[in-house]
Amino acid sequence: SEILKEEGAQLRFIYSFSDDQGLNKYRVSIIDNFVDARISSAPWFYEQDVNLSGTTSSDTISITLPYPDIEPGRYRLTVTVQDIDQEETSQNKTFHIIE
């Protein structure tokens, strides 16, 4: 829930997806979620799509924070999973970058 703003800091999370018909892809996105966000010259926005296959998938993801450009504050991590029928489901988690 809190990550210290320092060189080499990472956001890590574990995922496990399943679908009886088959998985297609997932998207990880991170946006700032606080008052006066995007005030520095280098605001942080992250998005990555990953293709999947089969009916189950699990892994650990590590995302390196853009030190020193990241602003302290609240951020929202969203993971969206799409199955082979193009149906999607999402889950959001909030975390804080602290100094």
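Which residues have the most contacts inside the largest nonpolar core? The legends below start there, and they describe a predicted model in which local features need pLDDT of at least 70, side-chain atom pairs count only at pLDDT 80 or more, and totals for chains, interfaces and linings use all residues. Residues are numbered from 1 along each chain as its sequence is written, and side-chain values use heavy atoms, with hydrogens and water left out.

**View 1. The largest nonpolar core and its residues with the most contacts.** The answer is Tyr26, Ile30, Trp44 and Phe95, in a core of 24 residues. A nonpolar core here is a set of buried Ala, Val, Leu, Ile, Met, Phe, Trp, Tyr and Cys residues joined through side-chain atoms within 4.5 Å. Buried means under 20% relative accessible area, exposed means over 50%, and partly exposed is in between (1.4 Å probe, protein chains only). At least two core residues come from each of β2 (10–18), β3 (23–32), β5 (56–64), β6 (73–83) and β7 (88–98). Strands are DSSP runs of E with at least two residues, helices are runs of H or I with at least four, and both are numbered from the N terminus. In soluble globular proteins, nonpolar side chains tend to be buried together.

**View 2. Ile30 and Ile63 inside the fold.** Skip residues up to four places away in sequence, and Ile30 touches Leu11, Trp44, Phe45, Tyr46, Ile63, Tyr75, Arg76, Leu77 and Phe95; contact means heavy atoms within 4.5 Å. Ile63 sits in strand β5 and counts as buried because its relative accessibility is 3%. Leaving aside neighbours within four places in sequence, Ile63 has contacts with Ala9, Gln10, Leu11, Phe13, Val28, Ile30, Trp44 and Tyr46. Ile63 and Phe13 are 50 residues apart in sequence, yet their C-alpha atoms are 8.9 Å apart in space.

**View 3. Ser29, a serine in β3.** Is Ser29 buried or exposed? Ser29 is part of strand β3 and counts as buried because its relative accessible area is 14%.

**View 4. An aromatic cluster of Tyr15, Phe17 and Tyr26.** The whole structure has 4 aromatic pairs, and two of them are shown here. Tyr15 and Phe17 are stacked, at 4.5 Å centre to centre with 15 degrees between the planes. Phe17 and Tyr26 are tilted, at 5.3 Å centre to centre with 55 degrees between the planes. Rings of Phe, Tyr and Trp (its six-membered ring) pair if their centres lie within 6.5 Å; planes under 30 degrees apart count as stacked, over 60 as edge-to-face and the rest as tilted. Tyr15 and Phe17 are both buried, and so is Tyr26.

**View 5. The largest pocket.** Its volume is about 210 Å³. The elements giving two or more residues to the lining are β2, β6 and β7, and β7 gives the most, with 5 residues. Among the lining residues are Phe13, Tyr15, Phe17, Leu77, Val81, Gln91 and Lys93. By class, the lining divides into 7 nonpolar, 4 polar and 1 charged, where Ala, Val, Leu, Ile, Met, Phe, Trp, Tyr, Cys and Pro count as nonpolar, Asp, Glu, Lys and Arg as charged, and the others, Gly among them, as polar. On a 1 Å grid over the protein atoms alone, a pocket is an open set of points where a 1.4 Å probe fits, with protein on both sides within 12 Å along at least five of seven lines; lining residues have an atom within 4 Å of a point. Grid points are joined across faces, edges and corners, and the volume is the space filled by probe spheres set on the points.

**View 6. Backbone details in two loops.** A cis peptide bond joins Tyr67 and Pro68, with omega about 5 degrees; Pro68 is in the loop between β5 and β6. In the loop between β6 and β7 there is Gln86, whose phi is near 70 degrees, a positive value in a residue other than glycine.

**View 7. Glu2 in strand β1 (residues 2–4).** Glu2 counts as exposed because its relative accessible area is 55%. Beyond neighbours within four places in sequence, Glu2 is in contact with His96 and Ile98.
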